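This briefing is meant to be read alongside the sequence and the coordinates.

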Amino acid sequence: MSDIKWLPDGQKTFDKLMAAVPEAMRDAIKPKLLQMLAGKAAGQPVSGDLVKTWVKEDLPEPQRSALMAALGMKPDGDQKPAAPVAAAAGWQGNAEVMFERMLQEVPDMMREVFRGKLMGIANEKAKGGPIAEDHILSIVKEIVPDPFKTNILKAFATMGGVDLSNLEKLIESTPGGQETVIGLLHAVQAEFGYCPREAVTMISQRKCVPMAVMYRLLTCYSAFRLQKPGKHVVTVCTSTGAYVNGGGALLKQIKDKIAKTGANITVETARDLGCANVAPAIMVDGEIFSGVQAQAKLEQIFSESN
Amino acid sequence: MADIKWLPDGQETFDKVIAAVPEGMRAAMKPKLIEMLAAKAGGKKISRKIVEAWVKEDLPEPQRSVLMAALGLDRPAAKADAAAVKKAAWKVKGAVKNAADLAKMKAAGQELLAPKTLRITVSSASCGLAKGAETVAAALQDAVKKQKVNADVVLVGSNGMSWAEPMVSVIKAGKPCIVYGNVTADAAAGIVKAAAAGKIVEDLALMRVDSIKVDVTGEKIKYAADKAPAAALAKVKDGSKIDFFKKQLKIVSRNAGIIAPDRIEEYIGLGGYQALAKALGSMKPADVIKEVKESKLRGRGGAGFPAGIKWEACSKAAGDKKYIVCNGSEGDPEIGLHKSFLESDPHMLIEGMLLAGYAVGADEGYVYLNDRYVLAVERVQTAIEQAEKVGLLGKNILGSGFSFTLKVKRGGGAYVCGEETALLNALEGSFAEPRPRPPLPVHQGLNGKPTVVNNLETLSTVSAIVLKGGKWFAGIGTPASKGTKIVALSGNVARPCWVEVAMGTVIGDIITAFAGGTASGKKVKAFQTGGPSGGILPASQLKLKLDYDALGKAGSLLGSGGLLVMDEDCDVVDVARFLTEFFLEESCGKCTPCREGVKRLNEIVSCIADGRGTKAQLALVKTMGEAMSAACFCALGKTAAAPILTVMKHFPKDVNGKMLKTIN
């Protein structure tokens with residue numbers, strides 16, 4: 001390896017290339033690639049262009065296309081004449097955002113190859129005209145295999161903000177007026193982790209309950225959250241029993257640790273976990289833990305949220 | 001590195017370990033880890049097992065937990081199994097159309113409770129689950145499968161011994177039931193092995209149980225024959241002879257911890273729905289009310305209003321639509337006893353509500369539960385579905401023409417919902433605020449119709465009263481308070497637990513006999529009954545009896561049965577501050593004396609608790625307490641000053657210690 005002399009942009013380009021190699025193989029492959037590259041350079045300092053030429057001329061497919069894409073090089077026409085890279089004639093509505101979102105499901109190193117292919121299909125569907133949302137949707141439905149298909153469709157559904165389809169179904173199957181609202185809000189919170197405005201508005205409209213009343217309900221009952229919580233929600237029991245047994249210290253310990261590590265965890269307190277007999281207890285995402293179990297669970301979520 | 005020989009699965013597992021190491025450190029760590037691993041292997045080829053054992057045994061925390069999680073060794077794997085235990089939902093067979101069907105199901109239930117094959121139960125109410133019951137259940141399930149033992153692993157409720165959770169019981173017909181306490185997942189395989197061989201794991205065994213009561217009439221299921229216990233059993237205490245059970249009188253909670261809450265057959269096996277059959281078969285609604293009146297059963301929620309009188313008023317109220325509402329709001333920050341009870345035996349409540357419905361002529365009921373009681377909601381829901389399936393809820397129950405539907409509603413979380421009219425508001429989807437009365441709920445309650453609102457313990461007591469008679473129930477307890485009461489002990493106690501004792505039991509005895517005194521071993525300084533609204537009483541009052549009137553006279557209340565113990569080191573003034581803060585958070589704001597009162601009260605009490613008190617403040621607290629108890633709209637505001645007022649009365653030394661030295 002000592003016989004390689006790098007020019008700054010050469011080193012940079014090579015690093016970029018290495019980043020595109022799947023992580024598991026990176027260490028193993030690096031010496032080989034360096035050896036190949038050294039051969040190509042034949043003693044000359046390695047520039048960015050040299051790396052690119054080497055990728056283009058010496059590497060076998062499919063690595064060649066993938067790495068070329070990773071380096072931002074245009075796929076060459078002679079290799080895959082069928083892959084048109086023509087730009088879209090135009091986009092309608094959210095089509096462009098949807099197209100990009102669809103590509104996000106493709107692994108990094110293959111994305112640019114797929115972009116060309118899929119763009120071609122989209123153009124075909126649009127028959128030269130601007131690409132519409134429906135065109136992208138039909139591509140996903142017809143061509144993309146699962147589980148990517150499900151992921152993409154789900155993402156599309158929440159693109160405008162919040163996916164209210166479940167709530168809509170639930171409202172339809174819940175007859176009654178205002179007496180059903182608290183139950184619906186519980187369902188909303190179970191789905192989203194909080195009560196987003198869009199969902200509250202929908203309940204307000206369908207159940208004919210003014211938004212002012214909705215807001216008052218949301219704030220007079222302690223169960224509901226109006227802000228999106230962190231990755232995990234930890235509820236610390238602050239019952240009198242826990243207080244007498246030092247529940248305050250546990251709360252402080254958790255808060256301090258979050259402040260220190262910046263973990264994405266929301267801390268709440270509750271007087272009525274109903275487990276004062278195993279106090280101090282905590283509830284993590286709806287499950288109750290106490291003592292040793294509580295400490296182990298905290299350890300786990302902190303390591304996940306860093 | 002050359003000296004390491006890998007087996008394919010070992011290499012694979014090790015790669016997983018490496019992948020879990022943060023990328024930046026991976027290259028640096030790898031040689032070290034391999035070196036450690038090689039030492040562990042000692043020249044052998046490295047298999048998956050060696051890598052796993054190495055991670056589990058040799059690595060320091062927190063890396064250990066992280067890597068165990070990455071390899072799926074710890075909780076995650078067990079969790080999947082636990083979910084499987086839960087998911088294997090119990091399917092009820094058969095229908096109960098008449099008394100004969102009920103008898104048949106009773107026999108089936110008893111077969112489940114004392115089967116010829118092995119039955120292993122895990123106590124998994126919330127307090128058990130919090131201490132890892134789910135993992136234990138999964139480990140037991142796993143051991144049963146691996147050891148090829150024919151056994152039924154069942155999730156049951158809690159028997160009250162919260163300090164010994166999670167508990168595991170091993171039952172087989174003809175042998176005494178062995179109860180193990182503080183069981184961990186590691187002990188599961190040993191327990192299954194011993195159980196299959198008819199042996200006992202002695203260090204974990206808490207007690208043995210020779211028989212269980214079928215119902216309040218005295219019928220029993222015997223596990224073992226009457227002969228003297230075998231030698232192996234000699235060291236294990238007889239459950240009926242240890243104080244914890246000997247001193248209790250279990251009526252409402254008699255099934256808790258024995259039956260599976262999600263199997264209606266087991267409830268019926270222990271005499272469930274017999275009271276309903278009796279009432280529907282041979283009693284008029286007025287007879288049921290007469291029995292309940294005779295029993296002198298008083299509301300278990302707080303106020304202690306006689307249930308029979310409430311029912312009678314509702315039955316006489318005009319209207320064709322009536323409701324029964326179960327108050328399970330229990331927002332008290334001290335307890336959770338009703339939750340444990342409900343998670344253990346939801347059918348007892350359903351039967352009580354059916355009886356109430358029959359007595360007052362209601363055909364619809366609601367169970368209102370606190371929003372945090374997610375598991376209780378689930379279990380009551382399952383119980384309702386099963387009762388509907390067999391025909392004990394719905395139309396024409398037991399062929400009597402009586403129909404009743406029941407729904408469970410999860411609240412939004414507000415302490416004031418324990419007040420019955422605020423609860424009705426919450427049920428109607430409105431704000432948690434009390435309503436003016438009159439009209440009383442028995443005249444105009446839910447949706448403006450006559451409604452009985454009872455605490456869930458009150459309703460659960462009714463089936464025993466109907467079955468054995470009001471006179472029997474009235475024979476237990478004190479002149480003013482009849483029957484039994486579930487009491488939950490928390491705070492600074494050696495063994496937190498919940499127990500059911502006869503009314504009139506001395507409070508000091510409850511603390512020593514069941515909870516084993518204070519955890520610190522110091523003297524009891526103070527105790528509080530009845531949740532935050534109760535007074536904080538000194539140790540000299542420990543001779544008080546569990547009785548509505550006696551506690552009321554002492555400036556406290558029985559409430560829903562919380563008993564909080566504080567030892568000598570406890571700063572009672574600070575506890576009073578904590579409780580006023582609670583009222584500040586929970587005041588609904590409807591009436592001015594409460595809304596403004598609790599705010600001001602909290603300011604003053606905080607100031608005193610911080611050691612900056614003045615005599616003028618103490619005088620003001622007294623005046624405010626009187627004013628609030630006279631002017632506030634509901635009991636929340638009326639009793640908000642009780643903790644600080646009782647502290648001032650009974651602990652003058654503590655309060656004086658908090659006075660500002662300069663101006664007093």
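How many helices and strands does the secondary structure of chain B come to? In this predicted model, chain B comes to 28 helices and 16 strands. Its radius of gyration is 28 Å, close to the 26 Å that the globule rule gives for 664 residues, so chain B is as compact as a globular protein of that length.

**Chain B as a whole**

- Taken along the principal axes, the box filled by the C-alpha atoms of chain B is roughly 85 × 80 × 50 Å.
- Of the 664 residues in chain B, 55% are buried.
- Among the contacts in chain B with a separation of 6 or more, 73% are accounted for by residues 24 or more positions apart.

**Strand partners of E3(B)**

- E3(B) pairs with strand E1 (residues 118-123) of chain B in the antiparallel sense, over four bridges, and within this pairing Val170(B) is the bridge partner of Ile120(B).
- E3(B) also runs antiparallel to strand E4 (residues 175-180) of chain B, to which four bridges join it, and here the bridge partner of Val170(B) is Ile178(B).
- The hairpin of E3(B) and E4(B) has two residues between the strands, and in this hairpin Gly174(B) takes a positive phi near 90°.

**Contacts between chains A and B**

- Contact between the two chains involves 41 residues of chain A and 51 residues of chain B.
- On the side of chain A that touches chain B, two or more residues each come from helix H10 (181-192), helix H12 (211-220), helix H13 (240-244), strand E4 (287-290) and helix H15 (291-304) of chain A.
- H15(A) gives the most to this side of chain A, with six residues.
- Classed by residue type, the side of chain A that touches chain B has 19 nonpolar, 17 polar and five charged residues.

Technical notes:
Residues are numbered from 1 along each chain as its sequence is written. Chains are lettered from A and ligands numbered from 1 in the order in which they are written. This is a predicted model: local features need pLDDT of at least 70, side-chain atom pairs count only at pLDDT 80 or more; totals for chains, interfaces and linings use all residues. Two residues are in contact if their C-beta atoms, placed from the backbone, lie within 7 Å. Ala, Val, Leu, Ile, Met, Phe, Trp, Tyr, Cys and Pro count as nonpolar, Asp, Glu, Lys and Arg as charged, and the others, Gly among them, as polar. Two strands pair if DSSP finds at least two bridges between them. The radius of gyration is taken over C-alpha atoms; the globule rule is 2.2 Å times the number of residues to the power 0.38. A residue is buried if 20 or more other C-beta atoms lie within 10 Å of its own, exposed if 12 or fewer, and partly exposed in between; C-beta atoms are placed from the backbone.
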